[in-house]
Amino acid sequence: MRWVFFVLFWFLTLTAFYGQGNTEVYLFDLDWKNGIPSLSNPKNISNNHGYDNQPSFWDNDVLLFSSTRAGQTDIKQFNITKGSTSKWISNTPTGSEYSPMRIPGSDNISSIRLDLNGLQRLYKYDNPTGESESLSDLKIGYQLWYNEHILVCTVLVKNQMNLVLVDFEKKSQLMVAENVGRSLHKIPGTNQISYISKASAKKKLWQIMSLDIESNKKDTVLNLPFPIEDMAWLRDGTILTPNNNTIAKYHPKKDSVWTDFNVFNKDQVFKISRMAVNPAGTRLALVTDVSPKTIVQRQVETFNKRDLNGFISCYSDEVLAQRFPTDTMYLGKEAMMDSYERFFANTKNTGVKVVKRISIGNKVIDEEETMVDGRTGHQVALYHVENGLIRSMSFIFPDQETQDAESVVKEQLEAYNARNIDAFMDTYSDTIELYDFPHALSSKGKEKMRASYNSFFEANRDLNCKIKNRIVIGNKVIDEEYVTINGSNFSAVAIYEVENGKISKVTFVR
């Protein structure tokens, strides 16, 4: 792919309430040297295929989080100092627990229970027996204990959450703010709590607000330059916010711009959704989606083991399977299960070997050799991953063999790097079509393409493209490219289709 432009932007995905993605909980030491914080000693403390989320610290050395087992989500407790051991607090076959949190001044835990009949309520759980009782009839979404009898919580009302103070001692409820986010925290060194206000969402302005529980006075801590759903406080008053595999930091009283606090390897921490800091400010827990490469590799391994349930668990409920680009094979997990049940029933020996793998963003492209009862095959699978599960897969088969597919793509690469517009356009057909994956048409026709690339070549004197990986299948060439434009470098992927010695179609995978 030869890119005409390249844009970096903050990306926000608002998931459904307690959406069951494939996530992991990581724990880090939070070190302070000369007043500067840093992270070290990463550890995956959930290490579980499925939903692991909503961590909160019981104390400085013990962590609570929600974790899925046997089709239900229960409360798990992780002890850092006692050999990194864990135990289950709840076991509720009729429902699942979310957002567990210690009730101050006791050994009890409060958690949101979502029952199989759809009832959503706040419960109290005894630690260690797990016995429970209902605390409130409100439809609470998220919670924060201010003290042993005052609960700050979000209550679901129509299509938004409102901030409510519940005083169990006085048996009172007070709504203090409308349209708030899920992230509730105590502000270090104060008697205030913070929340994210979405009240000015129509003006595209979200704010971090403070609330004094005693006086109910609200103040603006920070106008956000971008919408966020999660944040955390460091002990010195620094705010942390996640953005994909990066944590950014900002001190409201000291900083004028946001800076990177930590950038993680995407194969380990792919997309951060939650964070929590212990009371002493010495440990940080975060929740991340499982990386696309990890979940794709798991489905390869479970397929080769003929583990049908393990294989199917790698896919979302709405999984879409297609023949590239748009021919639907089946839609939904049930149809997928039926298809692969028949396949395994009618075969004795099956296997897939990954020959090459290209990863870009939340997409993974595998060149695969297939083995079915002694017969070998060749295919490419393009996986699209969302929330740690495979949302769609598109198969490319060598239906149309051609001898000149790779050579013409090589010619256009040489012309691109030379910024030779005539030689570059000579490799394309008159009816060339450019698409954004999966099938959004962005340009059609040679004349329009020439005009666009001619000005692009003239404006970028350092233009260069190197091939990192190439897959050739039938009349298609899939290139993973490392592109230089105006001093900036980035990776890109393009699928070229060749007809009659010319490139007739290009699909850009971003």
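Beyond its neighbours within four places in sequence, V269 is in contact with N245, F264, L286 and T288. The model is a predicted one.

**V269**
- V269 sits in the loop that runs between β22 (259-263) and β23 (272-277).
- With a relative accessible area of 0%, V269 counts as buried, because buried means under 20%.
- V269 and L331 are 62 residues apart along the chain, and 29 Å separates their C-alpha atoms.

**The sheet**
- An open sheet is built from four strands in the order β2-β1-β24-β23, with antiparallel pairing.
- At the edges of this sheet are β2 (36-44) and β23, each of which pairs on one side only.
- From one strand to the next, the twist averages 25°.
- Five bridges join β23 to β24 (residues 283-289), and the two strands pair in the antiparallel sense.
- R274 has V287, in β24, as its bridge partner.

**N22**
- N22 belongs to the segment before β1 (23-33).
- The relative accessible area of N22 is 2%, so this residue is buried too.
- A polar contact of 3.5 Å links the side chain of N22 to the side chain of H49.
- Leaving aside neighbours within four places in sequence, the contacts of N22 include N48, H49 and G50, as well as T288, D289 and V290.
- I295, N387, G388 and L389 are also in contact with N22.
- T288 is in contact with V269 and with N22.

Methods:
Residues are numbered from 1 along each chain as its sequence is written. This is a predicted model: local features need pLDDT of at least 70, side-chain atom pairs count only at pLDDT 80 or more; totals for chains, interfaces and linings use all residues. Side-chain values use heavy atoms; hydrogens and water are left out. Buried means under 20% relative accessible area, exposed over 50%, partly exposed in between (1.4 Å probe, protein chains only). A polar contact is a pair of N or O atoms within 3.5 Å; within protein, one must be able to donate a hydrogen and the other to accept it, and residues adjacent in sequence count only if both atoms are side-chain atoms. Contact means heavy atoms within 4.5 Å. Two strands pair if DSSP finds at least two bridges between them. Axes are lines fitted to C-alpha atoms, for helices over the stretch in contact, and angles run from 0 to 180 degrees between N-to-C directions.
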